[in-house]
Amino acid sequence: MLLLRRVAQSIPLLLIVSVLVFALLHAAPGGPLAIYLENPGVRPEDIERLRKALGLDQPLSIQYVRWLSAFITGDWGFSLSDGRPVAQRMLERAPATLELAGASLIVALLAAVPLGIVSAVRRGRWVDRVSGVIALAGVSLPVFWFGLILQLTLAIGLGWLPSSGRSAVFDSGFVDRIRHLILPATVLAAVHAAAWSRFLRSSMLGVLSQRFILAAEGRGVPKRAVVLRHALRNAAGPLVTIVFMDAALLVSGAVVTESVFAWPGLGALFTEAIVRRDYPVLMAFLMVTSAAVILLNLVADLMHRALDPRVA
Amino acid sequence: MSMDPGAQRATFSVNAALVVAGLLVLLALAAPLIAPFAPDAIDLAGRRAAPSSVHWFGTDDLGRDLLSRVLYGARVSLAIGILAAALTVALGAGVGMVAGAAGRWIDALLMRIADAILAVPRLPLLMIASVIVRPGVPVLILLVAAVSWMETARVVRAEVRSLVTRGFVEAAHAMGVKPLMSLWRHILPNVIPTLVVATTLAVGRSILLESALSFFGVGVQPPTASWGNMLYQAQSTMATEPWLALFPGAAILISVLTVNSLGERLSISRIGVRAS
């Protein structure tokens, strides 16, 4: 019942997003055909023909309904740069992005969870203050610049890791895959690791000040067990929620990271589409990522309720 | 009034961050006075020179002095950051106050719009808007604010909703003070601390957004130097002229770090309330 209500609530959100995306595209001078208008090789009568063929001479409201119903049924139009279906192009790129996102999630949690726990337990001590400074630097980093600097030092300078791409031409074994992943995953993880460690810290501090912790300590439960079993379990719920809620940030980060490291995923497809003014790809990208964000926020909400029965 | 050590440290950091922020703004304002060269002075004989005593930050592919360009770039990048943040918070405060005070369908509608825009990944949205509009600096400021006001609106709305049920607001209402007047006189002053924190954090985020946009070549357009578009130009020759990438990026990091630490400290030093 709750599930149904939450799903129903996200549908108007998706509709508002779709209106926004549609309006954005049609705000472009020349609309979806702008790329042809700029090309002196395309004759005006051809543009007129295209406009009719694509239904662009219809009222906007009708165009919107047509576009949306086509979009829902998986007809996302054709890429202006190579003429192939947009859905197909995006599907090809999705695995690389999922791989990168998954790896960066692991890196971010591996950094954030221990840092958050230690900072909470040693509150105000030097570990806490140092990790506070690191976290502040992490959320203040220009992501693309961080990527360039890592590329410059670890890849080009020291030659420890490949500077870009998803795999080498010849050696594409597992180790090679991981080596290519390390730098982009680290860059994509940096902002999240910084924010999440501080979030976990404050959430742990909230739990650690509660009575049941005192009671557990009073019963003689070892400190380690109090922190890991009692406190962390209670503080983990909000962290999981935040991890899912940050999906939109992850998409923005992926666009930057994939472009810097030539990672052949959806983010790189997006920046290519920006350069080529490939509007169908741009629209589909915004729609798909926004829908994914809304879906993940929904999952976050439901998981939060499942993990914490006190949430009404 | 005695303060506990934590609050004392926070106050010290606020002052330190304010000094650094003031210094950055001062350097930007004084760029024409202190820059050793004109930012667009081309010197083809001295191209791609490494940092030296003459060119502290080195020169770029046209022989332009990088230090001078970073100083002039500060004017553009910081102006965009500060103005976009002011606009972001003004918009967010306006929407949040209207939603919180009006309630019912107006509130529901405004908050759903905010939720919807929040669901669209910010940077890609801004990149598409920039491709379509091809903005100059003023329009760029508008665009950054247009995709950034939602968080402030949410926080302000929540505060307004709790404020309108408080005694002094209800008393004013009972005495016949008009709602709009009450919003201005009784509610806004109580929201201002939140707005101060929101503004400092928004400055950092706006600087980052502008730099990312310009890094992709869709933000501030050359020949105007901004830290972002300097990095855009540096990217291709980074392996041989790393200083071109190093200094503008460091300038971004220092500025954003300063305003973020200011925002964090401000929110801790004030009665322990943290703005999210």
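# Briefing: helix packing and chain contact in a predicted model

Leu123(B) lies in helix H5 of chain B, which covers residues 122-133. The structure is a predicted model.

**Leu123(B) and its surroundings**

- Leu123(B) counts as buried because 24 C-beta neighbours lie inside 10 Å, and a residue is called buried at 20 or more.
- Leaving aside residues up to four places away in sequence, Leu123(B) touches Leu209(B) and Ala212(B), as well as Ser252(A), Val255(A) and Val256(A).
- The C-alpha atoms of Leu123(B) and Asp40(B) are separated by 29 Å, and the two residues are 83 residues apart along the chain.

**Chain A as a whole**

- Chain A has 13 helices and zero strands.
- Along the principal axes, the C-alpha atoms of chain A fill a box of roughly 85 × 55 × 35 Å.
- Chain A has 312 residues, of which 37% count as buried.
- Among contacts in chain A between residues at least 6 apart in sequence, 70% join residues at least 24 apart.

**The contact between chains A and B**

- Chain A gives 36 residues to the contact and chain B gives 38 residues.
- On the side of chain A that touches chain B, at least two residues come from each of helix H1 (2-27), helix H6 (126-140), helix H7 (143-157), helix H11 (247-260), helix H12 (266-275) and helix H13 (279-307) of chain A.
- That side of chain A comprises 30 nonpolar, five polar and one charged residues.

**A helix pair in chain A**

- Two packed helices are described by the angle between their axes and the distance between the axes.
- In chain A, the axes of helix H5 (residues 86-121) and helix H8 (residues 174-208) come within 6 Å and cross at roughly 35°.
- The crossing of H5(A) and H8(A) is right-handed.
- The contact of H5(A) with H8(A) involves 21 nonpolar, six polar and one charged residues.

**A helix pair in chain B**

- Helix H9 (residues 179-215) and helix H10 (residues 227-234) of chain B pack at an angle of about 30°, and their axes are 7 Å apart.
- H9(B) also passes H10(B) in a right-handed crossing.
- H9(B) brings Glu210(B), Ser211(B), Ala212(B), Leu213(B), Ser214(B) and Phe215(B) to this contact, while H10(B) brings Trp227(B), Gly228(B), Asn229(B), Leu231(B) and Tyr232(B).
- By class, the contact of H9(B) with H10(B) contains six nonpolar, four polar and one charged residues.
- Ala212(B), one of the H9(B) residues in this contact, is also among the residues that Leu123(B) touches.

Note on methods
Residues are numbered from 1 along each chain as its sequence is written. Chains are lettered from A and ligands numbered from 1 in the order in which they are written. This is a predicted model: local features need pLDDT of at least 70, side-chain atom pairs count only at pLDDT 80 or more; totals for chains, interfaces and linings use all residues. Axes are lines fitted to C-alpha atoms, for helices over the stretch in contact, and angles run from 0 to 180 degrees between N-to-C directions. Helices (H or I, at least four residues) and strands (E, at least two) are DSSP runs, numbered from the N terminus. A crossing is left-handed if the near helix is turned anticlockwise from the far one by less than a right angle, and right-handed if clockwise. Ala, Val, Leu, Ile, Met, Phe, Trp, Tyr, Cys and Pro count as nonpolar, Asp, Glu, Lys and Arg as charged, and the others, Gly among them, as polar. Two residues are in contact if their C-beta atoms, placed from the backbone, lie within 7 Å. A residue is buried if 20 or more other C-beta atoms lie within 10 Å of its own, exposed if 12 or fewer, and partly exposed in between; C-beta atoms are placed from the backbone.
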